[in-house]
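Let's take a friendly walk through this structure together. Have a look at it first, and then we will go through it step by step.

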Amino acid sequence: MNQLNIPFKLGMQYDTWEFDLELAHDRLQGCDSYIYIGKKFNKFLNYHKYKTELIFNLDTLEAILISFDNSNSDYNELSEIVNLKLNCFSENLDYEEIKICRFVTKTNEVWVIKNNSKLYLLVSNSRYSKNIINTLLW
């Protein structure tokens, strides 16, 4: 996604990044999860990322999950920046200790999620989004 300055694009093939990936515990059944350990993507906007997880189905990138250390990241600020960059439909879902902001673009969904310990940015095809979010919150 050029708008968010992420070097990963949904639909990319596993072999594009294979030497910069480390196998992770699979987040979704039927998909393979990897942690990006390369050096090309250390910051997102002005945020230092904690970890970037790439989720593949049959060697095709289906989701990008960026996690930030909550103590250094602000949910409202990140949501506003994503909203300005994407300029698309959005909705907020706030619960007691969980905040979620969903952005819908022509090709995918972008979610900003905050639970009590982490802040996440999820870029995903809509068919995977809710299952990934469930793994983050419960």
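A residue is called buried when its relative accessible area is under 20%, exposed when that area is over 50%, and partly exposed in between. Keep in mind as we go that this is a predicted model.

With that cut-off in hand, we can turn to Ser 124, which sits in strand β9. Is Ser 124 buried or exposed? Its relative accessibility is 0%, so Ser 124 counts as buried. Setting aside neighbours within four places in sequence, the residues in contact with Ser 124 are Leu 10, Glu 62, Ala 63, Asn 108, Glu 109, Ser 129 and Ile 132. With Ser 129 there is also a polar contact between the two side chains, at 3.5 Å.

Next, let's look at the nonpolar parts. The largest nonpolar core is made of 28 residues, and Ile 6, Phe 8, Val 82, Val 112 and Leu 121 have the most contacts inside it. Two or more residues of this core come from each of the elements β2 (32–36), β4 (47–57), β5 (60–69), α1 (75–86), β7 (99–104), β8 (109–114) and β9 (118–124). Another core, of 16 residues, lies apart from it and includes Ile 98, Ile 132, Ile 133 and Leu 136.

Now for the charged residues. Side chains of opposite charge can pair when their charged atoms come close. How many salt bridges are there in this model? The count comes to 3.

One of them joins Glu 53 and Arg 27, whose closest N and O atoms are 2.8 Å apart. This pair links distant parts of the chain, 26 residues apart: Glu 53 belongs to strand β4, while Arg 27 lies in the loop between β1 (21–23) and β2. At 3% relative accessibility Glu 53 is buried, whereas Arg 27, at 23%, is partly exposed. Besides Arg 27, the contacts of Glu 53 beyond four places in sequence include Ser 33, Tyr 34, Ile 35, Ala 63, Ile 64 and Leu 65.

Arg 102 brings us to the remaining pairs. Its side chain meets that of Glu 91 in a salt bridge of 2.4 Å, N to O. Because Glu 91 lies in strand β6 (residues 89–94) and Arg 102 in strand β7, this pair ties together parts that are 11 residues apart in sequence. Arg 102 also meets Glu 109 in a salt bridge, here at 3.2 Å, N to O.

How values were computed:
Residues are numbered from 1 along each chain as its sequence is written. This is a predicted model: local features need pLDDT of at least 70, side-chain atom pairs count only at pLDDT 80 or more; totals for chains, interfaces and linings use all residues. Side-chain values use heavy atoms; hydrogens and water are left out. A nonpolar core is a set of buried Ala, Val, Leu, Ile, Met, Phe, Trp, Tyr and Cys residues joined through side-chain atoms within 4.5 Å. Buried means under 20% relative accessible area, exposed over 50%, partly exposed in between (1.4 Å probe, protein chains only). Helices (H or I, at least four residues) and strands (E, at least two) are DSSP runs, numbered from the N terminus. Contact means heavy atoms within 4.5 Å. A polar contact is a pair of N or O atoms within 3.5 Å; within protein, one must be able to donate a hydrogen and the other to accept it, and residues adjacent in sequence count only if both atoms are side-chain atoms. A salt bridge is a side-chain nitrogen of Lys or Arg within 4 Å of a carboxyl oxygen of Asp or Glu.
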